[in-house]
Amino acid sequence: RTLPFLKGLYKTYHRYGLEIVGIEAPEFAFEQVASNVSQAIHDDGITYPVVQDNNLTTWNAYRNNAWPADYFIDANGNVRHVQIGEGDYEQDEAVVRRLLYDAGARQLPPPMTARAILPSSNLQTNETYLNPRQYNQYGQMWPQPLQPGAHSYSLVPSSSLQLNEFALGGSWDASSESITPAGAQGSIEGGIQAQHEYLVMTSSGNVPRTGEVLLDGRPIPDKYAGADVHNGHFTVVGPVSYTHLTL
């Protein structure tokens, strides 16, 4: 979610001396596969260099503890500002402008954040995890706790879900990093407030598998369907963040 801001910074200030180096510090096993990282870089249109840090060497060197984290380093190699988490985009751009000015850059363009409508973290449903260890990490509500191993979950009517409340339906097998349908069908429902909705999924053996997207209990109209939804359905193959909803 910070990529639009970072790419905007790079496009605006690279010519004045700004360099961005992305560090891929994997949280899950599929992020340790170089081909998956390379594909994500291509799909996200990232043009600045990105390095893969499977051993979290850079992460540990900076004593980092969160995704995303931005470290602003001046021309002398000193860390002058740290931003943990999303937001504070105006302040971050002001730091970039100050460091470029200190390094001798002049006649900088007007701040891009002064012309942009920036997202508010108060107006969107936070991310959640689909594993027993982290599923309620961001304060979401789950009527039925997510349990390790294979379990059946009673279907909860979507109309009864509150904002930021999620529920599983059908049989699911939960591991330390993910959940997998354990039967012929399984559903994930959520009461969300967002302009876009994403779900990271993959398919064992890269065998194409399909699913259906419902909005308010009905097949999602084409005008609200995300880029990966066609005629109300999506196909899962490799490990990707699939877009299901775009308002």
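Reader: Which residue in β6 does G149 stand opposite?

Author: This is a predicted model, where local features need pLDDT of at least 70, side-chain atom pairs count only at pLDDT 80 or more, and totals for chains, interfaces and linings use all residues. Residues are numbered from 1 along each chain as its sequence is written, and side-chain values use heavy atoms, with hydrogens and water left out. Strands (E, at least two residues) and helices (H or I, at least four) are DSSP runs numbered from the N terminus, and two strands pair if DSSP finds at least two bridges between them. β5 and β6 (residues 166-174) run antiparallel and are joined by 5 bridges, and the residue in β6 opposite G149 is A174.

Reader: What is the order of the strands in the open sheet of 3 strands?

Author: The pairing in this open sheet is antiparallel. Its edge strands, each pairing on one side only, are β5 (149-153) and β7 (179-190). The order is β5-β6-β7.

Reader: What does the twist average from one strand to the next?

Author: The angle is taken between axes, which are lines fitted to C-alpha atoms (for helices over the stretch in contact), and runs from 0 to 180 degrees between N-to-C directions. In the sheet with the order β5-β6-β7, the twist from one strand to the next averages 30°.

Reader: Is A167 buried or exposed?

Author: A167 has its place in strand β6. Its contacts (heavy atoms within 4.5 Å), leaving aside neighbours within four places in sequence, include W142, V156, L161 and I188. Buried means under 20% relative accessible area, exposed means over 50%, and partly exposed is in between, with a 1.4 Å probe and protein chains only. At a relative accessible area of 3%, A167 is therefore buried.

Reader: Which residues make up the covered face of strand β12?

Author: Strand β12 covers residues 233-236, and its uncovered face has H233 and T235. Strand β9 (residues 209-212) runs antiparallel to β12 and is joined to it by 4 bridges. G211 has F234 in β12 as its bridge partner. The covered face is made up of F234 and V236.

Reader: What do the buried residues of α1 pack against?

Author: Helix α1 spans residues 3-13, and its buried residues are F5, L6, G8, L9, Y10, T12 and Y13. In general, an α-helix has 3.6 residues a turn, so residues three or four places apart point the same way. The buried residues of α1 pack against β3 (69-73) and α4.

Reader: Why does L99 count as buried?

Author: L99 is found in helix α4 (residues 89-102). Leaving aside neighbours within four places in sequence, L99 is in contact with F72, I73, D74 and R80. L99 counts as buried because its relative accessibility is 11%.

Reader: How far is the C-alpha atom of L99 from that of L18?

Author: Along the chain, L99 and L18 are 81 residues apart. For another pair, A167 and G17, which are 150 residues apart along the chain, the C-alpha atoms are separated by 48 Å. For L99 and L18, the C-alpha separation is 9.0 Å.

Reader: What is phi of L56, which is not a glycine?

Author: L56 lies in the loop between β2 (50-52) and α3. With a relative accessible area of 24%, L56 is partly exposed. Its phi is positive, at about 55°.

Reader: Is N231 buried or exposed?

Author: N231 lies in the loop between β11 (218-219) and β12. Phi of N231 is near 55°, a positive value in a residue other than glycine. At 68% relative accessibility, N231 counts as exposed.

Reader: What share of the 247 residues of the chain count as buried?

Author: The chain has 4 helices and 13 strands. Its C-alpha trace spans about 60 × 40 × 30 Å along its principal axes. The share of residues that count as buried is 32%.
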